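This briefing concerns the pockets of one protein model and the setting of one of its side chains. The sequence and structure are shown first.

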Amino acid sequence: MIKKVFNEPNGDTSIFVYIPNFLDKKKSSDIHDWLNKKTYRQALTHWNNSSIREQLWFQEDNKYFCEKWNKRFERWESNKYDRKLKELQNNIQCALRKINLNSDSIQKPIINSVLINKYRDQNDNIKAHRDTELTFGKNPTIIGLSIGETRKLKVKRLIYDENNPHLFIYDDTNIDKNFDIGLENGSLFIMAGSSQKYFSHEIPKENFPCKERYSLTFREVI
């Protein structure tokens with residue numbers, strides 16, 4: 001396990017936890033096969049194709065990804081859970097209770113959503129961003145399960161301004177807090193506390209061939 005804890009202004013805490021081999025190879029392979037099954041994919045609305053990745057959004061109450069957005073896009077409409085996905089979500093919820101995040105102030109989420117991203121090759125990516133507080137709150141706990149090819153996650157320090165919380169400027173005075181981590185098959189990566197205030201995260205393109213990778217991101221929609 002790798003854990004990074006940053007004490008922030010106003011008593012905030014940013015926490016990152018990486019757990020390799022959260023799932024053994026057999027369980028990871030079973031989930032990979034399930035995600036790839038044609039019957040599973042046909043049972044859903046469809047994968048939402050884009051130039052950067054494919055995605056499916058699930059929310060237990062069939063909520064749109066962000067009800068406060070002015071525009072609606074088909075890719076953010078909720079798909080219906082199947083038995084396998086609900087079972088996996090319950091297992092992640094149970095596992096989260098046993099993980100010590102070292103802070104009583106960390107949100108203990110009641111998971112009710114899953115975003116599945118499919119990175120088809122080295123060109124698929126997701127740009128630097130924070131998870132939206134409009135959907136997940138100001139201090140969400142985010143749990144990401146990786147299945148398939150190892151891909152690099154880049155985490156970078158941002159300047160946080162309470163008066164302008166959507167400011168997106170890198171903090172060049174704290175570059176020592178930036179870090180990269182390879183998200184391996186079957187691993188779990190957790191971001192908690194004020195991590196979405198003070199840091200961005202991204203999966204960049206790679207300059208070498210990559211096989212497909214799935215990420216399953218579990219969160220509580222507030």
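The model is a predicted one. Its largest pocket has a volume of about 680 Å³, and the second largest pocket holds about 280 Å³ of space.

**Largest pocket**
- A total of 33 residues line the largest pocket, and those closest to its centre are Arg53, Asn117, Ile126, His129 and Asp131.
- Two or more lining residues come from each of the elements β5 (113-119), β6 (126-129), β7 (142-148), β10 (188-193), β11 (199-203) and β12 (213-219).
- Sorted by class, the lining of the largest pocket comprises 16 nonpolar, 10 polar and 7 charged residues.

**Second largest pocket**
- The volume of the second largest pocket is about 280 Å³.
- Its lining is made up of 15 residues, of which Arg130, Asp131, Thr132, Pro165 and His166 are the closest to the centre.
- The elements α4 (133-136) and α5 (195-198) are those that contribute two or more residues to this lining.
- By class, the lining of the second largest pocket is divided into 5 nonpolar, 5 polar and 5 charged residues.

**Gln55**
- Gln55 belongs to strand β4, which spans residues 54-59.
- Gln55 has a relative accessible area of 4%, and it therefore counts as buried, since the cut-off is under 20%.
- A polar atom of the Gln55 side chain lies 3.2 Å from the backbone oxygen of Arg75.

Definitions and conventions: Residues are numbered from 1 along each chain as its sequence is written. This is a predicted model: local features need pLDDT of at least 70, side-chain atom pairs count only at pLDDT 80 or more; totals for chains, interfaces and linings use all residues. Side-chain values use heavy atoms; hydrogens and water are left out. On a 1 Å grid over the protein atoms alone, a cavity is a set of points where a 1.4 Å probe fits but cannot get out, and a pocket is an open set with protein on both sides within 12 Å along at least five of seven lines; lining residues have an atom within 4 Å of a point. Grid points are joined across faces, edges and corners, and a volume is the space filled by probe spheres set on the points. Helices (H or I, at least four residues) and strands (E, at least two) are DSSP runs, numbered from the N terminus. Ala, Val, Leu, Ile, Met, Phe, Trp, Tyr, Cys and Pro count as nonpolar, Asp, Glu, Lys and Arg as charged, and the others, Gly among them, as polar. Buried means under 20% relative accessible area, exposed over 50%, partly exposed in between (1.4 Å probe, protein chains only). A polar contact is a pair of N or O atoms within 3.5 Å; within protein, one must be able to donate a hydrogen and the other to accept it, and residues adjacent in sequence count only if both atoms are side-chain atoms.
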